[in-house]
Amino acid sequence: MEQAYISEGTSIDKGENARLSSFVGAIAIADLIKTTLGPRGLDKILQKVDPSDQSITITNDGATILRSVHVDNAAAKVLVDIAKVQDEQVGDGTTSVAVFAGELLRQAENLVNNRIHPQTICDGWRLARETARRTLEEAATNSSEDTDAFRKELMEIAQTTLSSKMLTFEKAHYAKLAVDAVLRLKGSNNLDHIQVLKKPGGSLRDSYLEEGFLLDGKSPGVGQPRRIEKAKILLANTSMDTDKIKIYGSRVKVDSMDKVAAIEQAEKEKMRRKVEKIVGHGISCFINRQLIYNYPESLFASAGVMAIEHADFDGIERLAAVLGGEVVSTFDRPDLVTLGECDIIEEVMIGDDKVLRFGGCKSGEACSIVLRGASSHLLDEAERSLHDALAILIATVKEPRTVYGGGCTEVMMAAAVDRAAQETPGKKALAMTAFATALRQLPTIVADNGGYDAAELVTELQAAHAAGISCSGLDMDKGCIGDMKELGIRESFASKLNVVMSASEAAEMILRVDDIIKAAPRQRSEMGY
């Protein structure tokens with residue numbers, strides 16, 4: 001009778017089948033990216049199958065990989081989604097969150113096969129999650145009051161983040177770039193103020209931090225100043241291309257060429273008055289979102305104003321933010337317009353390219369990181385790696401608590417959950433033990449990816465923590481247990497907490513599923529309605 005109410009073409013997976021389908025999909029996604037985890041993780045080549053676009057991407061960034069994978073399994077989509085949220089919220093830990101959720105579901109599969117109800121497993125996981133959170137909070141340290149110590153911690157976090165990326169061999173150089181850029185923000189945490197400019201050529205080591213803003217591919221008009229000091233800048237989104245007749249959808253009859261010339265002259269006069277209004281703001285530089293034709297360009301040159309055309313939308317918005325001005329479209333009320341300001345505008349060379357440099361911007365925190373590298377693929381991956389480092393540093397400035405990396409906190413949380421499980425009666429204790437096992441899988445996978453004996457290393461790490469050496473972790477350079485404090489392997493507390501909470505909540509949501517209903521698409525009638 002149940003099926004009688006379901007339209008034709010709708011399929012339902014029930015009970016064990018639905019749960020198995022969810023587990024398989026989520027575990028497959030975790031297995032796909034777990035080889036990229038850690039400082040010795042491997043890269044993936046992502047190739048588009050579109051015949052018109054054969055571009056490839058080489059990366060080990062979890063969010064980038066999952067964003068490129070088109071999945072049909074509902075549970076797999078949940079894992080992709082939590083990785084995206086992790087990327088947006090914290091910037092790093094995208095691989096960890098998906099892998100940890102997958103490992104939790106792998107453990108849950110065994111528990112379900114042993115006839116333990118999913119709700120019992122969820123109850124145990126909630127207890128384990130709370131224990132893990134408390135342990136993480138107790139292990140966290142905060143040095144934000146000491147400027148030098150906090151900068152050192154930020155450097156360690158940036159280097160730890162970059163050690164799992166393609167930039168690992170230049171991680172000290174790039175960590176300094178990222179920390180300098182973030183500290184210039186002075187707490188505003190606006191990533192738009194940090195511009196990343198990719199310029200092929202040179203080596204990764206040639207990348208540098210430019211204190212100011214670089215406008216790429218733009219130059220002043222003919223006869224205009226090439227360098228301005230103490231610049232007053234008007235940012236606009238207005239049409240400056242009407243010095244020719246543009247009458248769309250209309251027909252104008254004239255009886256002589258003089259009349260045509262008169263119409264053109266009227267258009268020119270209208271443009272001249274517009275330029276006079278713009279110059280009347282007392283500016284030395286005019287930057288427009290749209291094109292600037294030859295006639296207004298010559299008028300700006302006569303007035304000694306630098307005019308820059310066709311700054312793209314993102315460019316003009318970012319310029320407005322860093323120059324402290326606002327984008328305007330009408331020019332009748334100069335008293336209501338906020339002009340952008342900077343100390344100097346000049347043309348500089350980067351490699352073979354000319355760019356406009358805005359130095360000493362009104363929003364003094366603005367800066368540009370110029371990335372150099374041998375190929376576009378290398379530069380794209382360098383940009384992704386640097387974005388992760390910048391995002392995690394900004395998250396750490398917001399939430400300054402930090403914890404040790406290298407599997408240290410995972411083993412510490414797993415040990416605390418195991419102890420809590422021994423004091424918990426009933427089947428929930430089995431779920432808590434499974435949670436601890438999943439936590440220990442993270443350092444196990446990191447060691448595996450490094451080509452080391454994971455079982456031996458992780459048991460040595462557990463023994464070190466049991467002996468009271470609480471800052472022990474995996475030294476992936478030497479393939480042994482090391483002191484994370486001495487090695488400077490540090491991670492953001494916010495990132496680590498987000499991984500544990502998001503992954504366990506997502507795994508819990510998938511585990512509670514007992515039916516998967518695939519609705520048939522609405523049928524179109526023959527009449528097309």
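**Strand pairings and helix contacts in a predicted model**

Strand E12, which covers residues 340-350, pairs in the antiparallel sense with E13, and eight bridges hold this pairing. The coordinates are those of a predicted model, and E13 itself comprises residues 353-361. E12 and E13 form a hairpin with two residues between them, and in that turn Gly-351 has a positive phi of about 65°. Within the pairing of these strands, Cys-342 stands opposite Cys-361 in E13. E13 also has a partner in strand E7 (residues 212-216), to which it is joined by five bridges, again with the strands running antiparallel. On that side, Asp-216 stands opposite Val-355 in E13. Strands of a sheet pair through backbone hydrogen bonds, in either a parallel or an antiparallel arrangement.

These strands belong to a protein chain that has 16 helices and 19 strands. Of its 529 residues, 48% count as buried. When contacts between residues at least 6 apart in sequence are considered, 74% of them join residues at least 24 apart.

Another set of strands makes up an open sheet of three, arranged in the order E4-E15-E18 with antiparallel pairing. Its edge strands are E4 (141-142) and E18 (490-492), each of which pairs on one side only. The pairing of E4 with strand E15 (residues 401-404) is antiparallel and runs over two bridges, and here Thr-141 stands opposite Thr-402 in E15.

Turning to the helices, helix H4 (residues 94-113) packs against helix H13 (residues 428-449) at an angle of about 140°, with the two axes 9 Å apart. Because of that angle, H4 is oblique to H13. H4 passes H13 in a right-handed crossing. On the H4 side the contact is made by Ser-96, Val-99, Phe-100, Glu-103, Leu-104, Gln-107 and Leu-111, while the residues from H13 include Leu-430, Ala-434, Phe-435, Leu-442 and Ile-445.

The crossing of H5 and H12 is right-handed. In this contact, Ala-128, Thr-131, Ala-132, Thr-135, Leu-136 and Ala-139 of H5 meet Thr-409, Met-412, Met-413, Ala-416, Val-417 and Ala-420 of H12. The residues of the contact of H5 with H12 comprise nine nonpolar, three polar and no charged.

Leaving aside its neighbours within four places in sequence, Gly-482 is in contact with Cys-471, Ser-472, Gly-473, Asp-475 and Leu-487. The C-alpha atoms of Gly-482 and Gly-406 are separated by 8.9 Å, although these residues are 76 residues apart along the chain.

Definitions and conventions
Residues numbered from 1 in each chain as written. Predicted model: local features only at pLDDT ≥ 70, side-chain atom pairs only at ≥ 80, totals over all residues. Heavy atoms only, no water. Pairing = 2+ DSSP bridges. Helix = DSSP H or I, 4+ residues; strand = E, 2+ residues; numbered from the N terminus. Axes fitted to C-alpha atoms, helices over the stretch in contact; angles between N-to-C directions. Parallel < 35°, antiparallel > 145°, perpendicular 65-115°, else oblique. Left-handed = near helix turned anticlockwise from the far one by under 90°. Contact = heavy atoms within 4.5 Å. Nonpolar A, V, L, I, M, F, W, Y, C, P; charged D, E, K, R; others polar. Buried < 20%, exposed > 50% of the residue type's maximum accessible area, 1.4 Å probe, protein only.
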